[in-house]
Protein chains: 2
Amino acid sequence: MRCEIIAVGTELLMGQITNTNARDIARELLSLGVGVYYQTVVGDNEERLTEVVKRAMERADLIVFSGGLGPTDDDLTRDTVARVLGISMEKNEEWEKKLLEFFSRFKTPFAENNLRQTMIPRGALMLPNDRGTAPGIFLEKGRYTFVLLPGPPREMLPMLRAQVIPLLKKKLETSGELAVLQSRILHVIGLGESLLVEKLKDILDTQDNPTIAPLAKGTEVHLRLTAHGRFPGEVQALLTQKAEEIKSVLGDYVYGEDEDTLELAVARLLKAKGKTLALAESCTGGLLTHRLTNIPGSSEYLLSGLVTYSNEAKVNFLGVDPVSIQSKGAVSAEVAAEMSAGVRRVCGADISLSITGIAGPGGDTPQKPVGLTYISLEAENFSLTRKYQFWGSRVEIKERAAQAALYLLRRFLLDKLKEE
Amino acid sequence: MRCEIIAVGTELLMGQITNTNARDIARELLSLGVGVYYQTVVGDNEERLTEVVKRAMERADLIVFSGGLGPTDDDLTRDTVARVLGISMEKNEEWEKKLLEFFSRFKTPFAENNLRQTMIPRGALMLPNDRGTAPGIFLEKGRYTFVLLPGPPREMLPMLRAQVIPLLKKKLETSGELAVLQSRILHVIGLGESLLVEKLKDILDTQDNPTIAPLAKGTEVHLRLTAHGRFPGEVQALLTQKAEEIKSVLGDYVYGEDEDTLELAVARLLKAKGKTLALAESCTGGLLTHRLTNIPGSSEYLLSGLVTYSNEAKVNFLGVDPVSIQSKGAVSAEVAAEMSAGVRRVCGADISLSITGIAGPGGDTPQKPVGLTYISLEAENFSLTRKYQFWGSRVEIKERAAQAALYLLRRFLLDKLKEE
C-alpha cells in the first residue's frame with residue numbers, strides 16, 4: 001500500500017502554522033508498515049485541490065487528508081474528493097443528531113452552515129469526532145482508500161489512532177499486507193555521538209533488523225531502534241533483545257527509553273532509595289526545581305528549591321559567608337559548596353545540589369566569562385563541586401546547567417561519583 | 001511569481017522530523033509578497049524526485065528545495081535538478097578551497113565524497129554556507145528560478161535570509177513585481193477570543209489592509225495584522241496605525257507585540273518602577289521564577305524565589321503558621337496570604353507573589369480538586385488573594401498558574417488591581 005498525505009489549508013502555505021499532521025500521520029502509518037511516498041500541502045482552492053487529488057490517485061492507493069472539513073465555504077476537502085470520485089453526498093443522520101445535541105447542551109446558537117458537516121459521500125464510513133464538530137470520513141473505492149481527517153491536531157490525532165489505524169490494520173490483515181514496524185528510543189547521556197558510535201561499532205556495523213540510528217539531541221544522544229516483522233510480539237522481542245545488547249555495552253550511559261526524561265530517571269532513583277532532596281539555584285533561576293516538580297509525586301522527595309538570586313539571599317537563607325562572596329565572587333567553587341551545604345542543613349535534606357553561574361548576557365569579566373558555572377552536591381560524608389563552561393544563549397546556558405546538575409545527581413545516586 | 005517548496009528527505013516522509021523548513025521558507029517569501037501555492041515532500045529517490053521537479057515546473061516559476069545537498073549518494077537534489085534542466089555540472093573552485101581549509105583547520109579527515117558538494121550546475125550562483133559543508137545554489141533558467149538550500153534548519157534559514165531573499169527581492173524589483181507584505185502580532189491577555197472579537201467588531205468588519213486574524217494561544221489571544229504595499233515604510237505605517245487603533249479599544253489587555261512574552265512585559269514594568277520582587281511557589285515548583293529569570297538583567301529586580309514544596313519549608317522559610325496549614329490546608333487562601341507576606345518580609349522585597357495549589361495527578365479531595373490554586377500578592381499597604389480553578393495535565397496546570405500570577409502582577413504594576 002502506497003500512501004500520500006495531503007494537508008489542506010492556506011494557513012499552512014503561508015507558514016502561519018507547521019504541518020505537524022503530516023509527521024504524525026506518517027509515524028502512525030509506519031507502525032503498520034505502510035510507506036508514505038509523498039506529502040503535499042495545498043490551499044483552500046477548489047481547482048488546485050482537485051488537481052492534487054487526481055495526481056495523488058496516479059501515485060498512491062491510500063490517500064490521507066487533513067483539514068478542510070469545517071463548516072465554512074472554504075472547507076472544500078469533503079466535496080472535492082466526492083466530486084473527483086463521482087460520488088454524491090448524503091446526510092448522516094447520526095452526526096446531525098450529535099451536532100444538534102452538542103449545540104443545545106452548550107447553549108451555543110446553531111449556525112445553519114454547521115449542517116454541511118453532516119454530509120458525507122454515499123457509502124463512506126462516518127468517523128465520529130469526540131473533540132470537534134467535523135466528523136472524519138473513511139471511503140473505499142476500487143483500489144483506493146480515502147481517509148479525511150479534521151485539521152486541528154487535537155481532533156485529528158485521537159481520530160487517527162482510535163478509528164483509522166484499526167480500520168487500516170484490518171484491511172491490511174485481510175489482504176495479507178500487514179507488516180509491523182515499531183521503534184524504541186534509548187536515551188544516552190554523558191557520551192558524545194562520536195564516542196558512542198565508536199563504542200557501538202560492532203553492533204552498528206552488523207545492524208539489520210532492528211536498524212539503529214543515533215541522533216544528537218541537545219546534551220543527550222538518542223538511539224532509535226526500528227524493527228519490523230509480522231506480529232507485534234515478535235517485533236517487541238527484537239527491540240528488547242537489541243536494547244539489552246546495547247545497554248550491556250553502554251551501561252549507565254543509557255538512562256531511559258522513549259518518553260523518559262532525565263528528571264524522571266532521577267526521580268525514580270530518589271524514590272527507590274528513599275532519599276530527600278533540597279536545591280539552591282542561582283543562575284538557573286528555578287529551572288532545575290521546575291523540571292523535578294514536573295514529575296507527579298515529586299513532593300515525596302523534593303523538600304525545597306531556593307532560588308537565591310541576590311547575594312543577600314545566599315547569605316540569609318543559605319548561610320553563605322559574605323566574606324566568601326566578597327573574596328571569591330558569587331560565581332565560585334567556594335560559594336557553590338557553601339550553597340549546597342547551606343541548603344542541605346536548613347532543609348534537613350539527605351542530598352543537596354547547588355548551581356551558581358553567569359547566564360549572561362553581561363555580568364561577565366575576563367576571568368569569569370558568560371557560561372562559567374559551578375555545581376555542587378552534598379550528602380552525608382560526601383561533597384563535590386565541579387566547574388563547567390557552558391555556551392549558548394541565556395536560556396540555553398540555564399538548560400545546560402540544569403541538565404548537568406541532574407546528570408551529576410544521577411551519577412551520585414548510582415554510586416558512581418565516588419569512583420571518579 | 002508562483003512558488004512551490006519541495007523538501008527532500010526520507011526522514012520527513014517517515015515522520016521522524018517535522019517539515020519546519022517549508023513553514024519558514026513560506027514566511028520569508030510572503031514578506032516579499034511571493035505566494036506559495038504548493039508544498040511537497042519527497043524521499044531520497046531519484047525517479048520520484050524527478051517526477052516532482054517536473055510537476056513543479058508545470059505549476060510554479062519559483063521552486064525552492066531544502067535537503068539532499070549533502071556529500072552522500074542519497075543526496076540527489078543537485079544532480080536531479082541539473083539533469084531535468086539539461087545543464088552539466090562543474091566544480092566550484094571557491095568552495096573547494098573553503099572545504100579543504102575547513103577540514104584542515106579542524107583536523108578532520110577529509111572524505112573524498114565531500115567533493116560532491118563542490119559541484120554546481122553551470123551558470124548557477126554558489127551560495128556559501130557559513131554553518132555547514134554544503135553550499136546552496138541559485139539558478140535562473142528561462143522563466144524559472146531554482147533555489148537549492150541545505151536541509152538542516154540552522155544552515156538553511158541564515159542562507160535563505162542573508163542570501164536568497166535579497167536576490168529574489170532584486171529580481172522582483174527589476175520585474176516590477178515586488179510587493180511588501182509584513183505582519184505584526186499583538187499579544188492580548190485577560191480577554192477571551194469571543195469577547196475580544198466582540199470588542200473589535202467595528203474594526204474587524206471593516207478590515208482591508210492590514211487584515212486582522214485572531215488566534216487563541218493557550219491563555220492568550222494573538223492578533224495577527226498583515227499589511228501589504230510597495231515600500232516597507234508604507235507597510236510599517238499601516239501596521240502601526242492599525243495597532244494603535246486596536247490598542248485604543250483594548251487598552252491594557254494588549255501587553256506586547258511580536259516576540260514579547262508576559263514575563264518580559266512584567267520585567268519592563270518592574271524596572272521602570274524600580275521595584276524589587278520575591279516569590280514563594282508551591283505547586284508551580286519554580287516555573288514562575290524560571291520564567292522571570294529568563295529575562296536578561298532579571299537580577300535587577302528579582303531577589304529570591306523560594307520553592308517551599310513541603311509544609312516544613314513553608315513554616316521554616318516563610319513563617320507560615322503551622323496552625324493555618326493544619327486547619328485550612330496548605331492549599332488555602334490563608335496559607336497563600338501568609339506565604340506572600342512571609343516571602344516579602346524575609347527577602348525585604350517591595351512586592352511578593354505566592355502560589356499554592358494542587359497540580360495533580362492525585363493529592364486532591366472532594367473539597368479540593370486537582371487544579372484548585374490560590375495566588376496572593378502583597379506590597380506596601382496592599383494585599384490580595386485570589387482563588388482559581390485550573391484544568392489540564394500537571395504541566396498545564398503549572399503553566400496556567402504561573403501565567404495567572406504574572407497577569408496579576410502586571411495588573412498590580414499598572415495600578416489596576418485597586419480599582420477592581
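1. Chain B can be superposed on chain A with an RMSD of 0.2 Å by a turn of 180° and a shift of 0.2 Å along the axis, which is the relation of a two-fold axis. The superposition is by least squares on the C-alpha atoms of residues with pLDDT of at least 70 in both copies. This is a predicted model, in which local features need pLDDT of at least 70 and side-chain atom pairs count only at pLDDT 80 or more, while totals for chains, interfaces and linings use all residues. Residues are numbered from 1 along each chain as its sequence is written, and chains are lettered from A and ligands numbered from 1 in the order in which they are written.

2. The contact between the chains takes 46 residues from chain A and 46 residues from chain B, where two residues are in contact if their C-beta atoms, placed from the backbone, lie within 7 Å. On the side of chain B that touches chain A, the elements giving two or more residues are α2 (20-30), β2 (35-42), α11 (287-293), β14 (302-308), α12 (311-318) and α15 (394-413) of chain B; helices (H or I, at least four residues) and strands (E, at least two) are DSSP runs, numbered from the N terminus. By class, that side has 22 nonpolar, 19 polar and five charged residues, with Ala, Val, Leu, Ile, Met, Phe, Trp, Tyr, Cys and Pro counted as nonpolar, Asp, Glu, Lys and Arg as charged, and the others, Gly among them, as polar. Because 100% of the interface residues of chain B are also interface residues in chain A, the copies meet through the same surface.

3. Strand β2 (residues 35-42) of chain A runs antiparallel to β2(B) and is joined to it by five bridges, with B:Q39 as the bridge partner of A:V41; two strands pair if DSSP finds at least two bridges between them. Five bridges also link strand β14 (residues 302-308) of chain A to β14(B), again in the antiparallel sense, and here A:V307 has B:G305 as its bridge partner.

4. Within chain B, β14(B) is also joined by five bridges to strand β13 (residues 277-281), in this case running parallel, and B:A280 is partnered by B:L306. Seven of the seven residues of β14(B) are buried, that is, 20 or more other C-beta atoms lie within 10 Å of their own, whereas a residue with 12 or fewer is exposed and one in between is partly exposed, the C-beta atoms being placed from the backbone.

5. As to the overall form, chain A has 15 helices and 17 strands, and its C-alpha trace spans about 85 × 55 × 40 Å along the principal axes. Of its 420 residues, 44% count as buried. The domain assignment gives domain 1 (2-174), domain 2 (180-257) and domain 3 (262-413) in chain A, the bounds coming from an automatic or database assignment, and the C-alpha centres of domain 1 and domain 2 of chain A lie 35 Å apart.

6. How exposed is B:I185? This residue, in strand β9 (residues 180-189) of chain B, counts as partly exposed because it has 19 C-beta neighbours inside 10 Å. Leaving aside residues up to four places away in sequence, B:I185 touches B:H222, B:L223, B:R224, B:E257 and B:D258.
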